[in-house]
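The following note concerns the model shown below. Please read the numbered points alongside the sequence and the coordinates.

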Amino acid sequence: MKEASATEENGEAESRYQQKVLQALRSILDVLKSMRNEKASCETVMKDNMEHFKKVVKSQLSLPILVPEEVAVLNAALCDMELSISLCAVQIHNLRTLGSKNQIAKAVLLAIFSRSLCCKIQWKKRGKDLRFAFGHLINLNAVFGVVINSVLAIHKRPSLPMSTMTEVIQKARRFIGYEYSQSITKSACAAATENQVDDDDAAITKADKETIMAIDQRMVQLNKALIEYDAQHEQPPKKRNSV
């Protein structure tokens, strides 16, 4: 009797364990299904609306930016969700064949910043360096982040956390700036030496953390808006002359 009872208890324990395993597998399958649906939704939106997205970007922006003053103007323009979505979609489409985070980051920066501009800007203000800082520009950096993660997703690679994302963007800016500074005479570039170009401070302040959180939240909004995009296909506004 005791042996039968023990056997019965073992059978019940095994059954409970199997149920837990099945429940865990169902949860994983639900997540994977959700990810596939989201990816399919985003791909469908881009396929159905790419010409519209291109028209919006072309009608409102003149890229790449050549002077530091226009960076803040672009960031302000990107408050408009339609413009941000369109710029993201166009860049994701253009860069879809790139496979590494560094390649994508460099390419998206070069699409929006000129090579010479990368010499004249920095991630954040430091010391006596008076170059324009762009690390606090939430709308612009959110576009960079969405493009980089979306292209990585095309190649089934994991998204970058915001701490890594900011490092990748900084590295791309430094590389382009240094590369450009070496291709011209030193007097032609605001940041002529390697030390000055490769200067972004690694120290993270409370303000930096708050900015990173704000960029992350904006990226969530952009991703959601892109997936759920319902184009009105209205006549695009006239081109912004200052960007």
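Among contacts in the chain between residues at least 6 apart in sequence, what percentage join residues at least 24 apart? The figure is 78%, where contact means heavy atoms within 4.5 Å.

1. Basis of the values. This is a predicted model, in which local features need pLDDT of at least 70 and side-chain atom pairs count only at pLDDT 80 or more, while totals for chains, interfaces and linings use all residues. Residues are numbered from 1 along each chain as its sequence is written, and side-chain values use heavy atoms, with hydrogens and water left out.

2. Overall architecture. The chain contains nine helices and two strands; helices (H or I, at least four residues) and strands (E, at least two) are DSSP runs, numbered from the N terminus. Read from the N terminus, the order of elements is α-α-α-α-α-β-β-α-α-α-α. Of the 243 residues in the chain, 40% are buried (buried is under 20% relative accessible area, exposed over 50% and partly exposed in between, with a 1.4 Å probe and protein chains only).

3. Packing of helix 3 and helix 9. Two packed helices are described by the angle between their axes and the distance between the axes. For helix 3 (residues 81–94) and helix 9 (residues 206–227), the axes come within 10 Å and cross at roughly 80°. Axes are lines fitted to C-alpha atoms, for helices over the stretch in contact, and angles run from 0 to 180 degrees between N-to-C directions. Helix 3 and helix 9 are therefore roughly perpendicular (65 to 115 degrees; under 35 is roughly parallel, over 145 roughly antiparallel and the rest oblique). Helix 3 contributes Met81, Ser84, Ile85, Cys88, Ala89 and Ile92 to the contact, and helix 9 contributes Arg218, Gln221, Leu222, Ala225 and Leu226. By class, this contact has eight nonpolar, two polar and one charged residues; Ala, Val, Leu, Ile, Met, Phe, Trp, Tyr, Cys and Pro count as nonpolar, Asp, Glu, Lys and Arg as charged, and the others, Gly among them, as polar.

4. Alanine 225. This residue of helix 9 touches Met81 and Ile85, leaving aside residues up to four places away in sequence.

5. Aromatic pairs. The structure holds four aromatic pairs (rings of Phe, Tyr and Trp, the last by its six-membered ring, with centres within 6.5 Å; planes under 30 degrees apart are stacked, over 60 edge-to-face and the rest tilted). One of them joins phenylalanine 113 and phenylalanine 144 edge-to-face, at 5.7 Å centre to centre and 85° between the planes. Phenylalanine 113 lies in the loop between helix 4 (101–112) and helix 5 (115–120) and phenylalanine 144 in helix 6 (residues 138–154), so the pair ties together parts 31 residues apart in sequence. Phenylalanine 113 is buried at 0% relative accessible area, and phenylalanine 144 is buried at 0%.

6. Tryptophan 123 counts as buried at 10% relative accessibility, and phenylalanine 134 is buried at 0%. Ring pairs link Phe113, Trp123, Phe134 and Phe144 into a cluster.
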